[in-house]
Amino acid sequence: MSYDLEVYGKVSLTARDLAKVVSSLRGLKAKVDRRSQTISSIVDKRTREMAFELDGPDRVEPEDIPAEWTEVADATVLYSIHVSYDVTSGAGFSFSVDETKLATASAFAARLAERVDGTVIDPQTYEPQPEPQPEPQPERPRFLHLRWYRLLDDTHDKDLAAIYLRTAREFFRPGVPSRFGTHEPFQGRFPRDDDATFDGMYRANCYLGDLILAGKPIEHGTIDGWTNDLERRAQSIRLKFELDLSE
């Protein structure tokens, strides 16, 4: 049995290059099998004891990597490090890993990961990284678009603003603008001005241009001018409301 560490990376090292990574850690030496050109063992220089075993590099495909290991999803090679357990028997059977050997193996795994542009995974303790939670999006305002039409007939076309205001006051209070005029800054304002001012401004100034309506919840509104110019045979009233403010 062994305690295993896995290094997923993007660089496939030769046995010679792996031996150099091993020797970069003080006190370790790699034995290379010249015939197979693989690392046969890694030992402690002082004690001559096996420090840990190393397998790889082994080629990996995306389907070989557990789906939850997102941090190594783009790896192409795998190096496996094995630290043998110490097994004891007597009153009972037990096993434990040598902490010194494990610390040495972990240091080597970290060094190897740097060399192969990779990441160390400890299967014994690994927990998937929590998926990032999306930032809560502010609720977007909802808008209601309304439009009415009336045919131009050269007789009552100038009364459209007065009809609209009277009807809005009776049936749809959110449609009564707090400000109105032909351009900004708006010339009219309720309740400072009376309804006759609204009607008179339209009759006097909107032969061609629009009377503009504004003020929450009205985002924008217009009443078409009243001229019958033979090209435009209808008047219209257009309103854009921020819906949540009009409820």
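This is a predicted model: local features need pLDDT of at least 70, side-chain atom pairs count only at pLDDT 80 or more; totals for chains, interfaces and linings use all residues.
Residues are numbered from 1 along each chain as its sequence is written, and side-chain values use heavy atoms, with hydrogens and water left out.

Six strands form an open sheet. Their order is β8-β13-β12-β11-β9-β10, and the pairing is antiparallel. Strands here are DSSP runs of E with at least two residues, helices are runs of H or I with at least four residues, and both are numbered from the N terminus. Two strands pair if DSSP finds at least two bridges between them. Strands β8 (143-151) and β10 stand at the edges. Each has a single partner strand, so one side of each is left without a neighbour in the sheet.

Strand β11 (residues 211-215) is joined to strand β12 (residues 218-223) by four bridges, and the two run antiparallel. A hairpin of two residues leads from β11 to β12. Isoleucine 212 has threonine 222 in β12 as its bridge partner. Strand β12 is also joined to strand β13 (residues 234-242), here by five bridges and again antiparallel. In this pairing, isoleucine 218 stands opposite phenylalanine 241 in β13. Two bridges join β9 to β10, which run antiparallel. Arginine 179 has arginine 189 in β10 as its bridge partner.

Two packed helices are described by the angle between their axes and the distance between the axes. Helix α1 (residues 15-23) packs against helix α2 (residues 99-115) at an angle of about 130°, with the axes 9 Å apart. That makes α1 oblique to α2. Axes are lines fitted to C-alpha atoms, for helices over the stretch in contact, and angles run from 0 to 180 degrees between N-to-C directions. Angles under 35 degrees count as roughly parallel, over 145 as roughly antiparallel, 65 to 115 as roughly perpendicular and the rest as oblique. The crossing of α1 and α2 is right-handed. A crossing has this hand if the near helix is turned clockwise from the far one by less than a right angle, and is left-handed if anticlockwise.

The structure holds nine aromatic pairs. One of them is formed by tyrosine 8 and tryptophan 69. Their ring centres are 5.8 Å apart, the planes stand at 80°, and the pair is edge-to-face. Rings of Phe, Tyr and Trp (its six-membered ring) pair if their centres lie within 6.5 Å; planes under 30 degrees apart count as stacked, over 60 as edge-to-face and the rest as tilted. The pair links distant parts of the chain, 61 residues apart. Tyrosine 8 lies in strand β1 (residues 2-9), and tryptophan 69 in the loop between β4 (50-59) and β5 (77-88). Both tyrosine 8 and tryptophan 69 are buried. Buried means under 20% relative accessible area, exposed over 50%, and partly exposed in between (1.4 Å probe, protein chains only). Tyr8 and Trp69 form one aromatic cluster with Tyr126.

A further pair consists of phenylalanine 180 and phenylalanine 190. Their centres lie 4.9 Å apart and their planes are at 40°, so the pair is tilted. Phenylalanine 180 belongs to strand β9 (residues 179-181), while phenylalanine 190 is in the loop between β10 (188-189) and α4 (195-205), so the pair ties together parts ten residues apart in sequence.

The charged end of lysine 158 sits over the ring of tryptophan 226, 4.3 Å from its centre. Lysine 240 places its charged end over the ring of phenylalanine 143, 4.6 Å from the ring centre. A charge sits over a ring if NZ of Lys or CZ of Arg is within 6 Å of the ring centre and within 35 degrees of the ring normal.

Most residues other than glycine have a negative phi, and most peptide bonds are trans. A cis peptide bond joins glycine 56 and proline 57, with omega about 10°. Proline 57 lies in strand β4. Glutamate 184 and proline 185 are also joined by a cis peptide bond, with omega about -5°. Proline 185 is in the loop between β9 and β10. Glutamine 37 has a positive phi, near 55°. Its place is in the loop between β2 (28-33) and β3 (38-44). Glutamine 37 is partly exposed, with a relative accessible area of 47%. Arginine 48 has a positive phi near 65°. Arginine 48 lies in the loop between β3 and β4, and is exposed, with a relative accessible area of 61%.
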